[in-house]
Structures are given as C-alpha cells and as structure tokens.
Amino acid sequence: MNTNSFQSYLSRYGAELENWPDDIRSEAEAALEDNLELRQMLAGERKFEGRLNEVVPPDPGKGFVDGIIAKSHTVEQDLSPVQSDALPRLTGWRLAASVVLFAAGMMIGNELRVSTGPAASAPSGDAAYSVMDEGGIGPWDV
Amino acid sequence: MAGNRVAYLQPGFWRKRRSEKAATLTDIPDETLATQVGEGKRQAFEELVRRHAVKFHAFAYRYLKQEQEAEDVVQDCFIKFWQRPKTWDPERGSKFTTWFYRVIMNACHDRARARKRSEPLSEDIERAPDDGMDVDAKMQKRDTARIMRDHLNTLPDRQRQAVTLCFYEGLSHKEAAEVMETSAKAVESLLMRAKAALRLRIDNREELT
C-alpha cells in the first residue's frame with residue numbers, strides 16, 4: 001500500500017481503522033507498522049476529524065421531544081394506503097389504455113389518409129378536367 | 001398460602017411488569033416500531049421520537065444552520081409520519097432511519113429553497129460544548145468550531161451532505177447513498193473531494209495566521 005492509496009482510503013473510510021473493510025484494514029495495519037509516513041498521515045487525519053468534531057449542533061432540549069409527542073395527540077391518523085402504493089396496480093390498465101388509444105389512432109389516421117390523402121395532391125378545377133381529358137385519374141376514382 | 005396468591009396480587013408485580021414492558025419496547029427494532037405506527041400504536045411512535053428526534057435535529061441543523069427551522073422540520077416530518085404512517089413501506093427493505101434521513105433531507109431542501117426565495121435568515125452562532133473549561137479555552141474552541149463550520153458551509157451541497165451523513169451521522173457509504181439517491185461509489189468520491197477541499201482551506205488559513 002503506497003501513500004496515495006492510503007490517503008485515498010483515509011478520505012473514504014476515515015481515521016478509525018475499525019471502520020475500514022477487513023481486507024484493506026489488514027493490509028493497512030501491516031503497512032503502518034513499517035511506514036512512518038503513513039503513521040503521520042493517519043495522525044493528520046485524526047487531527048482533522050477532531051476539528052470536524054468541534055462543530056457541535058445545539059441540543060434542542062427535552063422539551064423538543066415532548067413537544068413532538070404532544071403535537072401528535074392533536075392530529076388524526078390516516079391509515080389508508082398512500083397514493084404511491086396504488087399506482088403500480090394502475091400501470092397495467094394504463095398500458096392497456098395506451099395500446100387501445102394507439103390502435104384507435106392508427107385506424108382513424110389510416111381512414112383519414114385514404115379519404116383525404118390523394119385529394120390533397122390532386123389537381124383542382126380546370127386542371128382536374130384536363131388531367132381527365134388526358135386519360136388521367138380523378139380524385140373520385142380512388 | 002402466599003404461593004397460591006394470584007400473581008398480580010403479589011408485591012411489585014405491576015412495577016416489574018411495567019419495567020419489562022418498557023424494556024421490551026426499547027428492544028424492538030425501528031422497522032417493527034414504524035410498522036406498528038401504521039397499525040395506530042402510539043407507543044411505537046413515541047419510542048421512535050425518543051430514539052431519533054435529537055439525532056435528526058442535529059442532521060437538519062447541519063443542513064439548515066438555523067436551530068428553530070431545524071426543530072420545525074423534524075417536528076413536521078414526525079407529525080406527517082404519524083398522520084400518514086403508510087408512507088413507510090417496510091417491503092422496500094431499507095432501514096427506517098435511512099428512509100427518515102431522506103424524508104428530513106428533502107424537507108430541509110424544500111425549506112432552504114423557500115428561504116432563498118424569501119428573506120434569508122441569519123445563521124445561528126455555533127456553540128462549543130460547555131464542559132467546564134475556562135473562558136479562554138471555551139472561546140478558542142468556539143472559534144475553531146466557527147471556522148470549521150464556515151469551511152463546511154463553503155462546500156457544494158452534495159459534498160456537505162456526504163460529510164454530514166457519513167462522518168457526523170455515522171452512516172455507511174451504502175446507507176448514505178440510499179439517502180442521497182446515488183451510488184456508494186459516488187458517495188466515496190464526494191467524501192474524498194470534500195475532505196480534500198476542507199484540508200486545503202484549513203492549510204490556507206493556517207498559513208495566513
């Protein structure tokens with residue numbers, strides 16, 4: 001274990017070697033015995049964590065816990081299942097509805113294309129009659 | 001004759017029974033208690049509050065940096081849980097505390113976002129533990145705490161969350177990842193970057209002083 005990997009493990013798992021994964025810890029403990037630099041790094045990490053521990057949040061006091069319990073006495077419980085529990089059961093219905101809508105959309109779209117598609121590109125007015133005269137197909141022949 | 005007396009008439013029976021009941025309640029795992037809250041058991045809810053409210057308050061405080069807001073958030077979350085206990089789904093397989101950390105974190109996030117839109121609150125002054133030290137030592141400790149808190153506050157949100165969950169709350173990387181809805185590897189990476197940034201800031205400050 002070199003200094004880079006040791007530093008990386010220190011940052012990841014902290015200065016308490018008991019919290020390290022077993023295989024890495026045994027390797028680290030062996031390396032620490034021989035390497036003064038690693039021991040200094042461990043001491044540095046302990047000092048650093050000691051500083052982090054200086055940041056102590058305020059104690060809210062016992063009244064805080066009692067206040068939550070007291071407030072819970074003023075509200076009713078709703079023991080019905082939450083919405084998110086019901087949603088997965090709807091998924092199958094949603095899927096079926098989507099398939100039906102998609103199929104219906106395809107059919108309607110196909111009908112519209114058949115009845116209006118060629119007409120849109122067909123010549124209109126005198127141009128249509130001239131096409132017929134030339135032996136072409138009018139829109140009513142579709 | 002005394003041997004024939006009914007058990008509950010014997011001296012100390014009820015006291016013993018009460019203490020046994022209390023002992024068993026404290027032995028019940030969080031997840032079982034949370035499920036019992038869903039069955040309307042008030043004692044289970046109260047036990048969860050007693051076990052964890054202060055810890056969650058510390059977590060919320062580290063996020064919001066404002067004591068009153070932290071208290072409000074934790075109270076709201078617990079009351080919402082009491083009102084709609086089925087929001088806890090034991091079948092998901094996560095620990096109750098891991099799930100509740102996520103609930104608190106989301107509530108803190110919403111609160112902080114709402115605060116940004118309105119008037120920002122002033123942050124509370126960091127307190128150092130009062131353990132019978134003399135005034136100078138107390139002041140020095142308080143200064144160190146304030147400086148460290150300032151350094152922590154300059155970290156990006158995700159890095160600060162990783163430090164708070166893993167270092168201060170003692171969660172494993174996997175649990176922290178669950179709270180933060182990311183991977184354990186990502187948490188490790190956030191931790192490494194956070195610590196490197198903090199060390200750099202501490203070193204820079206020490207060079208200046």
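Student: Within what distance do the axes of helix α3 (residues 42-64) of chain B and helix α7 (residues 157-168) of chain B come, and at what angle do they cross?

Tutor: Two packed helices are described by the angle between their axes and the distance between the axes. In this predicted model, which requires pLDDT of at least 70 for local features and 80 or more for side-chain atom pairs while totals for chains, interfaces and linings use all residues, the axes of α3(B) and α7(B) come within 11 Å and cross at roughly 155 degrees. Residues are numbered from 1 along each chain as its sequence is written, chains are lettered from A in the order in which they are written, and side-chain values use heavy atoms, without hydrogens and water. Axes are lines fitted to C-alpha atoms, for helices over the stretch in contact, with angles from 0 to 180 degrees between N-to-C directions; helices are DSSP runs (H or I, at least four residues) numbered from the N terminus.

Student: How are α3(B) and α7(B) oriented to each other, parallel or antiparallel?

Tutor: Angles over 145 degrees count as roughly antiparallel, and α3(B) and α7(B) are therefore roughly antiparallel to each other.

Student: Which residues make the contact?

Tutor: Contact means heavy atoms within 4.5 Å. From α3(B) come Phe59(B), Arg62(B) and Tyr63(B), and from α7(B) come Arg160(B), Gln161(B), Thr164(B), Leu165(B) and Tyr168(B).

Student: What volume does the second largest cavity have, and which residues line it?

Tutor: On a 1 Å grid over the protein atoms alone, a cavity is a set of points where a 1.4 Å probe fits but cannot get out, and lining residues have an atom within 4 Å of a point. A volume is the space filled by probe spheres set on the points, which are joined across faces, edges and corners. The second largest cavity has a volume of about 50 Å³. Its lining consists of Phe59(B), Arg62(B), Tyr63(B), Asp157(B), Arg160(B), Gln161(B) and Thr164(B), with α7(B) giving the most, four residues.

Student: What is the volume of the largest cavity, and which residues are closest to its centre?

Tutor: The largest cavity holds about 100 Å³ of space. Twelve residues line the largest cavity, and Val55(A), Arg62(B), Arg149(B), Leu152(B) and Asn153(B) are the closest to its centre. Again α7(B) gives the most to this lining, with four residues.

Conventions:
Helix = DSSP H or I, 4+ residues; strand = E, 2+ residues; numbered from the N terminus. Parallel < 35°, antiparallel > 145°, perpendicular 65-115°, else oblique. 1 Å grid on protein atoms, 1.4 Å probe; cavity = no way out; pocket = protein on both sides within 12 Å on 5 of 7 lines; lining within 4 Å.
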